[in-house]
Amino acid sequence: MHPAFSVIFFTVASGAGYGLFILMALGYILGFVEFDKGVTLVGGLLSLALISAGLLSSTLHLANPKNAWRAFFRFRTSWLAREGVFAVLFYPVALLFLLGLWVNLEAGVYNGFVAFIGVAASLLALATLFSTGMIYGCLKTIRQWNTALTPTNYLLLGLATGGVLFVLVLAWNGKPTLVMASLSLALLTIAAISKAIYYFWVRTVIGPTINTATGFTRAQVRLLDTGHTAGTFLTDEFAYFAPAKLLLALRITVFVAGFFIPLMLLGFMVLGAQASGLAFLAMLSSFIGIGAERWLFFAEARHVIRLYHGAQHT
Amino acid sequence: MKLGLVIDLDVCVGCHGCAVSCKQWNTSGTTGPLTDYRPYGEDPSGVWFNRIRSYEVGDYPHNKTINFPMSCMHCEQADCVDVCPTGASYKRAEDGVVLVDQDKCMGCNYCSWACPYGARELDRSSGTMKKCTLCIDRIYDERLDEYDRQPSCVITCPAHARHFGDFDDPESKVSKLVRERGGYALMPELGYNPTNRYLPPRITRPIPTEDVSKKSLISSVKEWVNKAVAR
């Protein structure tokens with residue numbers, strides 16, 4: 001698949017934004033994070049800014065954006081419509097939670113109703129992340145995506161990058177980061193394992209071949225001619241090719257920059273180094289790594305239409 | 001009704017007549033125009049509802065060239081319709097034809113990702129998705145002669161490799177052809193249940209090769225000289 005920058009930016013940025021919001025709500029409800037106005041303001045604004053920037057960016061790949069408002073109508077069948085609906089429903093609930101948090105901090109009390117709103121907003125954020133994953137996961141035409149690991153990875157990577165962001169927000173506001181950094185370590189580790197399982201799973205070739213695509217299952221089938229002299233919509237969209245060396249280099253980047261370096265930096269923070277600089281580097285590194293992961297997610301996905309253009313399998 | 005096409009791979013000569021005729025009819029039809037990009041440039045491209053590819057099936061000397069026209073299969077399980085977030089893509093209940101409402105499409109390309117047959121192509125000038133309409137603006141037009149109430153590609157095909165009809169009627173021409181010639185669906189394992197069917201090449205008597213005599217000495221020498229002497 002052609003890796004479109006707008007969609008890569010959207011999934012990485014809004015994933016991290018939703019992850020940050022969910023962990024903030026969780027930290028408030030369970031009380032493992034010390035909130036003050038600075039943390040609420042910076043964390044809340046950062047998560048909403050990332051989500052909004054991502055959602056706006058996602059409309060950039062539309063060829064006819066004047067009809068984008070119609071995208072909420074097929075909620076019953078389309079994961080793309082569901083994602084849109086959940087994303088829009090999230091905003092008022094999330095703003096209400098942040099407002100409640102702010103009011104509570106002024107009054108210096110813990111309010112069960114605000115916690116309830118936080119749970120509702122977090123569930124909507126999780127539903128949006130899950131829908132984003134299912135947009136890709138439900139496509140039977142792309143075997144690299146058509147797996148439960150796709151929504152799982154979207155959820156885990158969103159939470160992991162959100163966790164790293166939250167550590168940065170806490171460190172920047174001079175709050176203790178021990179619990180959140182430890183939680184982020186756990187999330188990063190789980191996300192790395194899940195991604196490793198995916199990369200292992202995806203090596204096994206399954207699904208249609210050029211033989212089932214053409215119906216000639218008892219002989220070798222080779223493409224003689226595609227019937228066009230220049231590129232078409234189909235070749236632009238689905239025939240993306242990247243050299244194997246680049247793919248390998250990016251997979252290494254995913255694990256080194258996306259998981260290993262943030263794990264080491266957050267590990268130092270857990271061991272006692274209280275520096276927002278470390279958290280900032282961890283954030284930077286994880287975004288580079290997860291950006292590479294998302295680019296690979298598209299570049300390595302091979303649509304079955306490639307079979308008609310001569311690929312023996314996908 | 002379940003309208004669709006039967007394509008006879010035994011007689012298709014790969015002339016692209018269906019694609020050209022389709023383009024001519026539909027560029028001024030309900031989902032037209034079928035825009036061309038750089039039509040007189042070095043790399044002309046554009047929107048087509050039909051694509052014809054050619055394959056070699058089997059190994060020499062038991063090989064065969066198969067010309068393979070593909071358009072929308074008007075699937076019964078049309079995922080392209082299910083994934084559409086705007087409701088622009090729809091499948092008509094009365095005849096099973098899959099269409100795109102050009103006024104609702106936002107050009108997100110998602111339906112083209114869900115289609116395994118490459119039937120959907122984005123028109124970059126209008127920003128909307130376009131696809132085979134089964135010539136919906138022909139097949140119900142009572143001002144046309146009955147013969148002309150068929151998709152443009154079917155009428156045009158000089159080899160009569162394309163047939164149009166109702167698959168729900170067991171006595172229709174297309175149902176009979178599928179029954180008699182073993183018509184099959186493409187990529188059935190994906191579960192889209194496409195309506196269009198392909199008729200495999202008829203089994204022909206193999207051309208005997210045993211009686212071909214061995215090369216004579218003089219022809220071997222000629223062959224060797226032809227290879228050895230630079231022209």
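The crossing of helix 5 and helix 10 of chain A is left-handed, a term used when the near helix is turned anticlockwise from the far one by less than a right angle, and right-handed if clockwise. The model is predicted: local features need pLDDT of at least 70 and side-chain atom pairs count only at pLDDT 80 or more, while totals for chains, interfaces and linings use all residues. Residues are numbered from 1 along each chain as its sequence is written, chains are lettered from A and ligands numbered from 1 in the order in which they are written, and side-chain values use heavy atoms, with hydrogens and water left out.

In chain A, helix 5 (residues 149–172) and helix 10 (residues 276–299) pack at about 160°, and their axes are 8 Å apart. This angle makes helix 5 of chain A roughly antiparallel to helix 10 of chain A. Angles over 145 degrees count as roughly antiparallel, under 35 as roughly parallel, 65 to 115 as roughly perpendicular and the rest as oblique. The axes are lines fitted to C-alpha atoms, for helices over the stretch in contact, and angles run from 0 to 180 degrees between N-to-C directions. Helices are DSSP runs of H or I with at least four residues, and strands are runs of E with at least two, numbered from the N terminus. On the side of helix 5 of chain A the contact includes A:Tyr154, A:Leu157, A:Leu168 and A:Trp172, and on the side of helix 10 of chain A it includes A:Phe280, A:Met283, A:Glu293 and A:Arg294; contact means heavy atoms within 4.5 Å. The residues of this contact between helix 5 and helix 10 of chain A comprise 15 nonpolar, four polar and two charged. Here Ala, Val, Leu, Ile, Met, Phe, Trp, Tyr, Cys and Pro count as nonpolar, Asp, Glu, Lys and Arg as charged, and the others, Gly among them, as polar.

Helix 2 of chain A crosses helix 3 (residues 79–107) of chain A at roughly 170°, the axes coming within 10 Å. Helix 2 and helix 3 of chain A are therefore roughly antiparallel to each other. Among the contributors are A:Lys37, A:Leu48 and A:Ile51 of helix 2 of chain A, and A:Phe90, A:Trp102 and A:Glu106 of helix 3 of chain A. The contact of helix 2 with helix 3 of chain A divides into 13 nonpolar, three polar and two charged residues.

A:Ser47 also lies in helix 2 (residues 37–58) of chain A. A:Ser47 counts as buried because its relative accessibility is 0%, the cut-offs being under 20% relative accessible area for buried, over 50% for exposed and partly exposed in between (1.4 Å probe, protein chains only). Beyond its neighbours within four places in sequence, A:Ser47 contacts A:Gly17, A:Leu20 and A:Phe21.

Chain B has seven helices and eleven strands. Buried residues account for 55% of its 231 residues. The radius of gyration of chain B is 22 Å, whereas a compact globule of 231 residues would have one near 17 Å; the radius is taken over C-alpha atoms, and the globule rule is 2.2 Å times the number of residues to the power 0.38. The C-alpha trace of chain B spans about 75 × 50 × 40 Å along its principal axes.

The peptide bond from B:Gly32 to B:Pro33 is cis, with omega near -5°. B:Asn109, although not a glycine, has a positive phi of about 70°.
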